[in-house]
Amino acid sequence: MRAVLTWRDKVEQCIYDLAFKPDGSQLILAAGNRLLVYDTSDGTLLQPLKGHKDTVYCVAYAKDGLWSHEQKSVSKHKASSKITCCSWTNDGQYLALGMFNGIISIRNKSGEEKVKIERPGGSLSPIWSISWNPSREEHNDIMAVADWGQKLSFYQLSGKQIGKDRSLNFDPCCISYFSKGEYILLGGSDKQVSLFTKDGVRLGTVGEQNSWVWTCKVKPESNYVVVGCQDGTISFYQLIFSTVHGLYKNRYAYRDSMTDVIVQHLITEQKVRIKCKDLVKKIAIYKNRLAIQLPEKILIYELYSDDSSDMHYRVKEKIVKKFECNLLVVCANHIILCQEKRLQCLSFNGVKEREWQMESLIRYIKVIGGPPGREGLLVGLKNGQILKIFVDNLFAIVLLKQATAVRCLDMSASRNKLAVVDENDTCLVYDIHSKELLFQEPNANSVAWNTQCEDMLCFSGGGYLNIKASTFPVHQQKLQGFVVGYNGSKIFCLHVFSMSAVEVPQSAPMYQYLDRKMYKEAYQIACLGVTDADWRELAMEALEGLEFETAKKERKKRGETNNDLFLADVFSYQGKFHEAAKLYKRSGHENLALDMYTDLCMFEYAKDFLGSGDPKETKMLITKQADWARNINEPKAAVEMYISAGEHVKAIEISGSHGWVDMLIDIARRLDKAEREPLLLCADYFKKLDNSGYAAETYLKIGDLKSLVQLHVETQRWDEAFALGEKHPEFKVDIYVPYAQWLAENDRFEEAQKAFHKAGRQGEAVRVLEQLTHNAVVESRFSDAAYYYWMLSMQCLDIAQADPAQKDAMLSKFHHFQHLAELYHGYHAIQRYTEEPFSFHLPETLFNISRFLLHSLTKDTPLGISKVNTLFTLAKQSKALGAYKLARHAYDKLQGLQIPARFQKSIELGSLTIRSKPFHDSEELVPLCYRCSTNNPLLNNLGNVCINCRQPFVFSASSYEVLHLVEFYLEEGITDEEAVSLIDLEAPRPKRENKWQEITSNNSQTLRLDETMDSMGDDDPFTAKLSFEQGGSEFVPVVVSRSVLRSMSRRDVLIKRWPPPLQWQYFRSLLPDASITMCPSCFQMFHSEDYELLVLQHTCCPYCRRPIDDPGP
């Protein structure tokens, strides 16, 4: 561990406390009565914060609030002594208080003391600093305590001490954990900051200061440490933790948590942890030996057994001495210490046996094996010299000298070649005996020879792994880290602190040797690890190169030791097929003979080698024969063979591609219905070949009704589709949606809308209707617009009934569309009157329609409806019928509108001539309210309601006269079904007595009216209900009881039976002799004579276009 000073600053006052911003970007510290804010990246003082009048002793950044949000105020609690420090647990549930009298009090959020810890020194050991471990991985909350008894101790939340006290030999002033809780910082009277493990093992010094250290903290989620001193010095350090590790062949040992050693077996991935409970400074591993250097001693471990996979180590020796060295190497009976330019060889008893002095700094050292006690060392120096040293020999052997410093070394398995990586990142390979440079490669940071192949090495650098065989070009692949070992096909790579074994196929170097016809070398590479295909390729190449020994080895490697089989392969390659077949049969490999003849398309000979009637082999042979027939352009023969072999899919593909419908029919009828895949393929080809009937037959055979529906839809065979939809309603959407789209594409929009409606696609149905309505209005087809708006309203009613979530919105749209339908229906007559030369409507009808529209258009005027046309019609018909006052009003209104040129002259003339007429209206035209018998003015400011009783008028949908109907409502609690049953009772009314009295005398005969008898109206309870007290402008509806309903006659009552969620509407005719007809579909009212005439003319309802033969809802 090294501490690197990043920046330093000094202020005039003592630094009592400091704190990092949670993201680590800023540092705030308390200096005297000021707060100073620093940028942690470069130590820039961002701003001083003033405002405190006295010294600031503590500072902290808020994370999640100052105190519990459950408490409305700060609660105060007494303590037995002066509180010197405090710390919350990670979950914020408990607060630990350190006191001057040596007591630690652990309290909950309410301030109640739960645990009390008394330190042995009492008041002589004030608790100066405490901190809870922030690690989330610890099972228990652990508190570190530093007191002025110069002790460091650890406690659980329960108050139980963990381990023993650790002596510090100074008075601690501050204690701080790293973010993950793995290390502790301590500072105080020793004028330095020390780094400890979480268990209290001292690891080293972070930085020495000139005065007491009052505070130290760790930057969040980093290895940066800040120190604040009594003399005002602020120091910011970066801690660098170096990798301490060792590697020998398949075993890798590395330091963990600074005090533990983990040994990893790179092949089996087994790991074992050795706890040293002290700082691990160096690690060395060799065969069954492991050496660990601690600050005061070196531990030598050995394996329990000679098993190559054994991972159990035990202490063999301890060398209780303090050593200072740069590198540590262990051998079978010795340890080697490297100290700058000097190497020392020590026995396991700590006795120095030998020493070597080098010319330059030692940069690399490695054990290259040898007998126990006589191992060889490979040493690389900074001056470029490379030496070989034997442990039992005082004299070093210079292998070679190069111009650049050595960074990494490795020797080949036979010790004939040496690979060196120098400080220029170049890999250089030398022949040890001749000292000749064989080759060099750039971009290398480490190198390793393959321990099983003399001519193969790998090196890493620049994010790539490079594998070089002999003098061939380098084979590259991406790899992060450093190569440290190469064994067979496994490459050991160190990335950051993790060692991993990477399996690398040796195919690329094997093929490099094959290209040079170096079969033996290629065989050696293949033995390291290649695929089966690579092995076969090697054998074939060796045979072609007449390297039979290599080919034979390859076969043995794959477990083939039969010479007859080998010879059969040779005969087959020589074209002696029959001799090869005999040898295959003799060696028990008839299948190879079968494969040979089949590949040669010699099927007659191949049949001789079919296994005893094995159907699989027979099928395979026929299939291959069919493939051959197909390739030589004999499709019919191929189809027959495929059918015989059961390869129906291939037979269908050939038949379909050639358009052979008869053959497809034969195959489809021959197949079982369980064979869905070939049958579906047949159906697809039938569709492509325009034979939908056979496709339908095939779909029926396998029971694929969905595909059958799609077929009918695609071929537009709608009758068959509808018949299928009747039997299987689940396909209704699949049928009616495409049908609707087809109708829309063929300009049959009304039918398309109905089809969408049947399919349950209300959205599409509404959109089609809206488009139809808009088009009808734009094209001035107002009768069609009225019909479409009525249909839209009924669609909205259906949606409101089906979807409660849209009920209110849909009902609002329903009433709006109903109103528009009535307006456009009436305006159709106005438009025809103004646009066409002849009128088909009576003057009274046009007069009534224009009045109805004028009273209805009180707010916005719908698209297409012209107020000019409406007022013009009203003015002309009013004048013609004697309603001069109304005509004058209409002409006055027209003066304020933009009048078309064609009406200009007529309106100007009418405006002049109307002034010669009397200023009143004909009484014959005045509408009568049948509820209150009030004569209403022709121009009504209230609209189409009575000015007296506010009863809405009911208009005929043809003549637009006010009908003698009064709407009434049911008393609460009376259902529609009950009301209808009461009306249907037809309760008998009391007989009226004859009011006329006949008196006969001698000379005369007299008829007298009896005035004393009850008036006629008093006998009808409904008529009595029509009377009301006019107390204001609000409408008072007629509400009837059960007795009134019972008195009614069924022929006098008209009921609009709206579907849910609408309520039924009830109307009573006050002139039973004048017949009224109501359409059962749209519920519009007509004089019966008018309705019958219109139905005869149009063969349907003039409003909703319901055919006369339709019984209705």
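How many helices and strands does the protein chain have? There are 29 helices and 55 strands in the protein chain. Keep in mind that this is a predicted model. Of the 1113 residues in the protein chain, 47% are buried. If you take the contacts with a separation of 6 or more, 44% of them come from residues 24 or more positions apart.

Let's start with strand 15, which covers residues 183-188. This strand is mostly covered, with six of its six residues buried. Which way do the residues of strand 15 point? Y183, L185 and G187 go one way, while I184, L186 and G188 go the other way.

Strand 15 has a partner in strand 14 (residues 172-177), and the two pair in the antiparallel sense over five bridges. Within that pairing, G187 of strand 15 stands opposite C174. Strand 14 and strand 15 form a hairpin, with five residues between them. G181 sits in the turn of that hairpin and has a positive phi of about 80°.

Strand 16 (residues 192-197) is also joined to strand 15, again antiparallel, by five bridges. Here Y183 has T197 of strand 16 as its bridge partner. Strand 15 and strand 16 make a hairpin too, this one with three residues between them. In its turn you'll find K191, with a positive phi of about 60°.

**A loop proline**

Next, have a look at P295, in the loop between strand 26 (289-293) and strand 27 (298-303). Is P295 buried or exposed? Its relative accessibility is 19%, so P295 counts as buried, the cut-off for buried being under 20%. Leaving aside residues up to four places away in sequence, P295 touches D278, L279, K281 and K322. P295 and V320 are 25 residues apart along the chain, and their C-alpha atoms are separated by 9.8 Å.

**Helix 23 and its two partners**

| Helix pair | Axes come within | Crossing angle |
|---|---|---|
| Helix 23 and helix 24 (residues 884-895) | 8 Å | roughly 150° |

Take helix 24 to begin with. The crossing angle with helix 23 is roughly 150°, and angles over 145 degrees count as roughly antiparallel, so helix 23 and helix 24 are roughly antiparallel to each other. Helix 23 passes helix 24 in a left-handed crossing. On the helix 23 side, the contact is made by V868, L871, F872, L874, A875, K876, S878 and K879. Helix 24 brings Y884, L886, A887, A890, Y891, K893 and L894. By class, the residues of this contact of helix 23 with helix 24 divide into eleven nonpolar, one polar and three charged.

The crossing of helix 23 and helix 25 is left-handed. V868, N869, F872 and K879 of helix 23 make the contact with F903, S906, I907, G910 and T913 of helix 25. Sorted by class, the contact of helix 23 with helix 25 has four nonpolar, four polar and one charged residues.

Key:
Residues numbered from 1 in each chain as written. Predicted model: local features only at pLDDT ≥ 70, side-chain atom pairs only at ≥ 80, totals over all residues. Heavy atoms only, no water. Buried < 20%, exposed > 50% of the residue type's maximum accessible area, 1.4 Å probe, protein only. Helix = DSSP H or I, 4+ residues; strand = E, 2+ residues; numbered from the N terminus. Pairing = 2+ DSSP bridges. Left-handed = near helix turned anticlockwise from the far one by under 90°. Contact = heavy atoms within 4.5 Å. Nonpolar A, V, L, I, M, F, W, Y, C, P; charged D, E, K, R; others polar. Axes fitted to C-alpha atoms, helices over the stretch in contact; angles between N-to-C directions. Parallel < 35°, antiparallel > 145°, perpendicular 65-115°, else oblique.
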